[in-house]
Amino acid sequence: MSMQMEIHFDQEAIATTANDTISFDSSVDYEEGQLDAPMQVVVQSGQKTTETTPRTICTFFDDKSADSDTYTDSINDFRGNFKSDQNCTVFNGAREYITFGRFFRGVTWIYAERKILVAFMAHFVCTMIIWVHFGTIKYQEQQQKVPEGAPFYWWKRLVPPLEFGSMHAILFQMSLIPFTMSRLSIANASSMALNNLIPFNRMIQFHIHLGYTMIGIIFFATIIFFTFFGLLCSNGDQSFCDKFTSEIMITGYVILCLLMIVGATSFFRDVVPYEIFFKLHHLVFVMYAVAIAHTFDDVHRLNERVRSQNFKWFAAPLLYYFCDRAAMHINHRYQTKVATITAVTSSDRIGKGARLAIVKLHRPSLFMFEPGQYALLKIPGIDANWHPFSIASGPESDYLEFYIEVHGNESWTNRLWCMINGSSFSGHKMIKRYRGITVEVKGPYGTPLGQTEDFSHSIAIGSGTGIVPIISLFKKHIHSLVRLDPEIFFSEQKVRNRKIQDVYSTYEKNKGSIFSSFLHSCAKCRDLIKSQIFWQSLPEPRIKRQQRRQSISQSIKILNEINDSTKFRTNLTGIKRASMKARLPIYGSALLLILPILGVMMLGLTFSINTIANPNFNGIEIIVYDWQVVILKSGTIIFQTLFLVVSTTVHNRAHFFTCVDVVIAIISFFVDWYWFVEDLWGKFGSSELTHFSLIIFYMTLRSWNTAVKASDKSWRKDVSRDGIFAMDKLSFIWVTRSAHLVSKILPDIVDLWDVLCRQWGENYARQVCGISIYVTDTDKKACSILSMEMKKTSLYRDSAIKFQRPDFPKIIEEHTMERVEDCRNPHSNTLLAFCGSPNLSSVVSEAKIINDLSKFITGNRLHQMQFVSESYGTSKTENKKQHAVKDNDRFLSSRSLEVYDFTTLTEA
């Protein structure tokens, strides 16, 4: 059928062969690429004129011709080309004219780290409440014991409360540390809904935080203690002089020494030999034993004084930890055989003969893992110690693959190398017998990089040795693709994207807060919405997004063309105003962090104030101060009011729990009123305390979830009912300073790429997978030799290997522009996964946030991006002498390096 088709945009027309004429109104909003967008489309066929939508046009072609897909693609391609120039101009202009100060960069850091920051702040609040609670008890006890006018009256009144409070604050840290060492529980919890609230992938940081907090409190208490006792002893009070040699003091000295040893080796773990660091860290268990004996001293045994026993605080956590270790040993310990071990030695010209062992084990049938997790290996033929390594193989593989870089002549990795090659080690000949050798494996442990089935795209970045988890993710993606036919894959992709868009469009219609719904229903109040102060709950009207983008586009065009300083400042002010509006969600997210912390504070104060009035262990009656009750009353009312405000202005009214939130908030005010009438504040019985705790706990949990959760839901998994969860595209990015490391690992990556190209073809392969390797080695000769060695590979011909530093803002922006320009996929959700150093993680995080702001300013909020970082702690300092200490801190993985810290700290 001969046809004529014309598409009009602002008096411009593009003509193709068709009898029908399709006219698009120039006021159409093309920013979201929806085929069923509410725009005016005129279809002329002969004498008949119809107003319809692009999706109807597609249906129209379906009914009339078998070539309907061609016409649909033509329409979408044209819309994409038109939109490409427009979005690139606006996006690049927004980036060029928007700057961020120190204050906003600090806010972005809070926003990016909000999940771990909430945990840190909640821990701080709980620690201070415990300190004040027991300090208050001791303060009132000293008030009754120390007579007015006694020597050093205020020293005796204030120092014992500080010491008593600090002791219980230390015990609180000791009760939490065993949970951060329970690796099996952490690995299991990371795949549960609880992972949305607690950053299990950062548990090692929390473990270190607890340790340093405990050491800091002990140092503070020790300084105060010796100053106080020394002052009284020097004044002639023999009883205080005798206490320096009492049993409880001796155990206190031992605890202090043990903590100093553990703390010092932890702080200098970059230079302390691994074996020494690991063994000394087990002194923590000795510290727990001495802490039990500390309060079970001769004074307590002879009933001279009743002491609060320490074991009550950490006995249950320690028991849980031992159960976790027992389960690890019994249920997650396997014996397997070596399938192959490949010994790779780089040339002397690259890396001076650096060595890499690629160990491939037969995978135990019950060993299930995800990319980003690690395992513990033990080879009895070498030693009896467990060594953690990240898993490089894909989850579907029948093998467990590990990349182990060899360092140090006395190291475990060098012993493995000698076993592979049959060379001598410390004067002893190692027999070359790696085939069939038995290896013990424990795991998997750690947290996955992300649930890939929820994402349409992924930018997977690995820096240095952090590439191993990224390789595992890359292999998983390649495996999911090679099982599919490319044409069927892209056909199903179109169907899936259309379903996602339909679901999202319906979801957007119902989205909004209770308060915004009320305002929309009031014709007189609709003008109040234009400020959009309700940043998360009020979806911006489509016509206003179009007007805003047109305004910004015009302002950027003027800035690029005019020389008039007045007009320049006027248009620049407009762009900055739009930028400030785009920052409101980030400011709002940062402010929301206050709410769960306030809830934790009220929950802790409630238990403290309502239990402090009971007689303590010395039979002294403790009273509740009026100011404590005032803080509890006012804090509770403020928290409940803020919770009601957030529930009605931020929470989505379509969710069931939003209605529950409002009901609970209203009930809480009636309950408060009842307690005011009955004068029960600060005097709760068990029933009132239970009711109050349940209400505040629910509010705190919901506030915590609101503060740390991702902003938008991904519908990809919900509509993928065929069971195929392959991502549309994965961008593999590796940044490394070592050219020799690239020469050893790149062949595996090339092999995977060649497999995909053979089955899909290079054109299709590039659409679903991208590879970029940035080599920043300062040794130009090594880079030149690497270039010579890799020039025959397909990746080198495609310029995948770049000898330069990556521009992460540009990389993320180019990915976003690809998503924006793809009209066939108007809604995307990208996983930005990073494995590497914390400093580089901060750079990537900041680039991601700035990219989000640019998307908001240019009206492209339908393309979401979530950032997942697996940082491995502090940077490891290089030792030119290559001590044997560099055994486990050099294996190839950001997760492995994180595990190095984790094992040495949590094994204790």
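What share of the contacts in the chain with a separation of 6 or more comes from residues 24 or more positions apart? In this predicted model, such residues account for 75% of those contacts. The chain has 908 residues, of which 55% are buried, and its secondary structure comprises 31 helices and 19 strands.

**Surface**
- The chain exposes about 40800 Å², and carbon and sulfur atoms supply 59% of this area.

**Helix 4 against helix 23**
- Helix 4, spanning residues 114-145, packs on helix 23, spanning residues 686-708, at an angle of about 145°.
- The axes of helix 4 and helix 23 lie 9 Å apart, and their crossing is right-handed.
- Helix 4 contributes Arg114, Lys115, Val118, Ala119 and Ala122 to the contact, while helix 23 contributes Trp704, Ala707 and Val708.
- By class, the residues of this contact are six nonpolar, two charged and no polar.

**Helix 21 against helix 23**
- Helix 21, covering residues 626-649, also packs against helix 23, with the axes 11 Å apart.
- The angle between helix 21 and helix 23 is about 45°, and the two helices are therefore oblique to each other.
- The crossing of helix 21 and helix 23 is left-handed.
- On the side of helix 21, the contact involves Thr636, Phe639, Gln640, Phe643 and Val646.
- On the side of helix 23, the residues that meet helix 21 are Phe692, Ile696, Tyr698, Met699, Thr700, Arg702, Ser703 and Thr706.
- The contact of helix 21 with helix 23 has seven nonpolar, five polar and one charged residues.

Conventions. Residues are numbered from 1 along each chain as its sequence is written. This is a predicted model: local features need pLDDT of at least 70, side-chain atom pairs count only at pLDDT 80 or more; totals for chains, interfaces and linings use all residues. Side-chain values use heavy atoms; hydrogens and water are left out. Helices (H or I, at least four residues) and strands (E, at least two) are DSSP runs, numbered from the N terminus. Buried means under 20% relative accessible area, exposed over 50%, partly exposed in between (1.4 Å probe, protein chains only). Contact means heavy atoms within 4.5 Å. Accessible areas come from the Shrake-Rupley method with a 1.4 Å probe; for residues, only the protein chains shown count as cover. Axes are lines fitted to C-alpha atoms, for helices over the stretch in contact, and angles run from 0 to 180 degrees between N-to-C directions. A crossing is left-handed if the near helix is turned anticlockwise from the far one by less than a right angle, and right-handed if clockwise. Ala, Val, Leu, Ile, Met, Phe, Trp, Tyr, Cys and Pro count as nonpolar, Asp, Glu, Lys and Arg as charged, and the others, Gly among them, as polar. Angles under 35 degrees count as roughly parallel, over 145 as roughly antiparallel, 65 to 115 as roughly perpendicular and the rest as oblique.
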